[in-house]
Amino acid sequence: MKSILNRSIQIFVLLLLCTSAAVTPAQDEVTLGFVYGSFAPQEKWEAYFEGFLEAHPNVTINYIPVPLDSWGDYTQKIVTTMLGGEQVDVIWNAIEAVPLMAERGVLRELDSFLDSDADTQEFLDDVHPKLLEGLRWKDQQYLLPFAWNTTLIYYNKSVLEAAGLPEPPPDWTWDDFLEYATTITQDTDGDGINDIWGFHHNAWLWHLGPWLVSNGSFFLNEDFSKPWYARPESIEALQFARDLIWEHGVGPSGSFNFREAFVAGSLGMMIDSPAGRQRLIPAGMSADDYDVVFFPTKSGEGAPGSQWGTDGYGITKDSQHPDLAWEMVKHLVSVDVMSKLLSGEFASASAPARQSLAADPVLVAASPANYMRFYEALENGRTVINAPYFAELAEIHDRYMSQVWANEMSVEEAATSIQADMEAVIADN
Amino acid sequence: MRAPQMQEAAIRARAAILPRQRINSLALREAAAGYFFIAPTLLSFLVFFLIPTISGLGMSLFDWDFFSDPDFIGLENFIELSQDKLFLTTLKNTALFAVLATAGNVGLGMFIAIGINSIQWGWLKACLRTAYFIPFVISTVVVALMFGFLLQESTGVVNYYLARLGIDRIPWLSSSRWAFRSIVLIDVWKHVGFFTLIFLAGLQAIPSELYEAALVDGAGRRVRLTRITIPLLTPSLFFSLIIALIGAFQVFESMYVLTNGGPGDATRTVVMLLYREAFGSFNMGYAASMAVLLFFIILTLTVTQVRLGDRWVFYR
């Protein structure tokens, strides 16, 4: 009798479960707004969501493209989009924008999600700690790192070979570098105009930063509260960089399509990041045609460094579905999605934030032999300027350094002016 | 009898035969139709001009960073503006650009139009007119990118051919001295076709009898140009000067793409600074005060031109 009763209860419970499952309404349809940089078409970004949409069939993604001209401009456009009533839940943005978006209350802090979600431990163990740290502001995490970049010197192997030069050593000096650049620079047809240039760089922050780092300095101190332009090491590095063009004539002055020249073999060395691969692949350059080397130092001593930046995904404070948005962010930094960076064929060819992917065969096959030097440069590098007043500092740099690059102002004069102007901006903020 | 007088007579005639009530309803219907037809224009004027202008005026009185609530600060933005050296530099650059670009566009446009108009072959006239007008329909950003390639110092096509002629490379966009001139030249290249078209329309409106009479009186080419053509082109000249000056004061894209205001601040204009303040530094109120000041500068110049126009513009 007891067993019949038990069996009846079991059947009843089973029926109840089946019935409840049958009458449970489908999950509510949810649309998540995703902001991305429109430098890559939407279908390339859509590839990142394979798997997520299958796991969350009730979710529809509203792709919101935002033109990416500068990070300040991109950030402002995101804010304008949100103020215009567009529901934005997940944002792709860069380290430069974190202080501004955090200070202005656009982004939601992610520590509460990280603390309560045991699934993230695997990611935290894998991601490079410097990148994670870089996307924090005032002790709170605002973006989870996805991809990163640092700059090294790319050299065209066939150009060096034609000039009778061996591949440069990783511990080369400024003198070695100058010798390479001078040897490569040639006026092959004798018309008085150089047809092959040794090296090219602009007065841009991301071109000059590594010269400063490799000479033990940078644009500003660690917390970006004090400019370092007037330091002797800074002036020395900037002077060397400037003299390559105006004193030694190994680099072209004015605007110059350096990547095209590099591919065409009329430029021996240029500055670029891991993402540079993406621009060389369609131009027909294979990973065997070029390689990367550290910036030279004055004496050949010291750890090779550069400046680095990273991007990542964050959740807006206005998100109506923060938990689902968090699932989306977790998906975007998963191994599956980050692997799409490796081939250089998706939205970005930057280096993946997960250290486990650094030796992936796909990445190795699509990268030059010394690709791992980017990781070494990251270890010893400085972050790009990331302060809420980034745009003002960048403009001050451009204002004076563009005059140095036009040979209209001395390095010392520019450094003194930049130092004073940046100090004023920092004091105002 | 002229058209308005005929209309008036017709209304009076209708009033004489129609009862007052019907007249009122007819007038009402006509008024409603009138408002209906001007509604699209009125609406776009309100949405795209009047409301933004009033918002801009209001915003200039606030300290607003785009994210938090705006603080009312009265005229403080304008006081700060008057002491801002960078703003004064950009104002000087903008004014110089406006003078040079207006002179180039209008002067050259008139010269080209007179030249084209004197051509006897219709097909050549049409070809030249089209050729000069084509740059005007190309996006300014595309034009800027194109000239960016052409004017590269080391590998640009222009310097390549100059070198062939034995002329040293010119730092077209990378020196303070040349960058400003280059951008004025590019602006003239892009816009001169538009002004040529305006002058061509003005030239075609001049009655040929005037030239025939002048020829009979023995007037030479120079006299015909200075006594007939130029005086009768003054309405076109007046219109072109106003349009060119307003456009030149708002210059932005070509400088933004080609030099980003540099080297130094050599090619930075008020609109560029305004854009940086608004969308780089998020000083919306300060940027709005620049826009307001620029608006009043353009308004003053336009009103002055209109007032002075009465003295030199000749309407037939």
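Modeller: Gladly. Two strands pair if DSSP finds at least two bridges between them. Keep in mind that this is a predicted model.

Biologist: How many bridges join strand β7 of chain A to β9(A), and do they run parallel or antiparallel?

Modeller: There are 4 bridges between β7 (residues 152–156) of chain A and β9(A), and the two run antiparallel. In this pairing, Y154(A) sits opposite M270(A) of β9(A). Strand β8 (residues 197–200) of chain A is joined to β9(A) by 3 bridges, this time running parallel, and W197(A) stands opposite L267(A) in β9(A).

Biologist: Why is strand β9 of chain A said to be largely enclosed?

Modeller: Because 6 of the 6 residues of β9 (residues 267–272) of chain A are buried, the strand is largely enclosed by the rest of the structure.

Biologist: How do I check the length of a helix, say α13 of chain B?

Modeller: Count 1.5 Å a residue: the 29 residues of α13 (residues 284–312) of chain B should span 42 Å, and the end C-alpha atoms are 41 Å apart, which agrees. Buried residues of α13(B) include M284(B), Y286(B) and V292(B).

Biologist: Which domains does the assignment give for chain A?

Modeller: Domain 1 covers 30–150 + 308–379, and domain 2 covers 152–307 + 385–428. Their centres, taken over C-alpha atoms, are separated by 28 Å. In chain A, 25 residues of domain 1 are in contact with 22 residues of domain 2. That side of domain 1 has 13 nonpolar, 8 polar and 4 charged residues.

Biologist: And how many residues does the contact take from chain B and chain A?

Modeller: Chain B gives 23 residues and chain A gives 23 residues. On the chain B side, they divide into 8 nonpolar, 12 polar and 3 charged.

Technical notes: Residues numbered from 1 in each chain as written. Chains lettered and ligands numbered in written order. Predicted model: local features only at pLDDT ≥ 70, side-chain atom pairs only at ≥ 80, totals over all residues. Expected span 1.5 Å × (residues − 1). Buried ≥ 20, exposed ≤ 12 C-beta atoms within 10 Å, placed from the backbone. Contact = placed C-beta atoms within 7 Å. Nonpolar A, V, L, I, M, F, W, Y, C, P; charged D, E, K, R; others polar. Domains from an automatic or database assignment.
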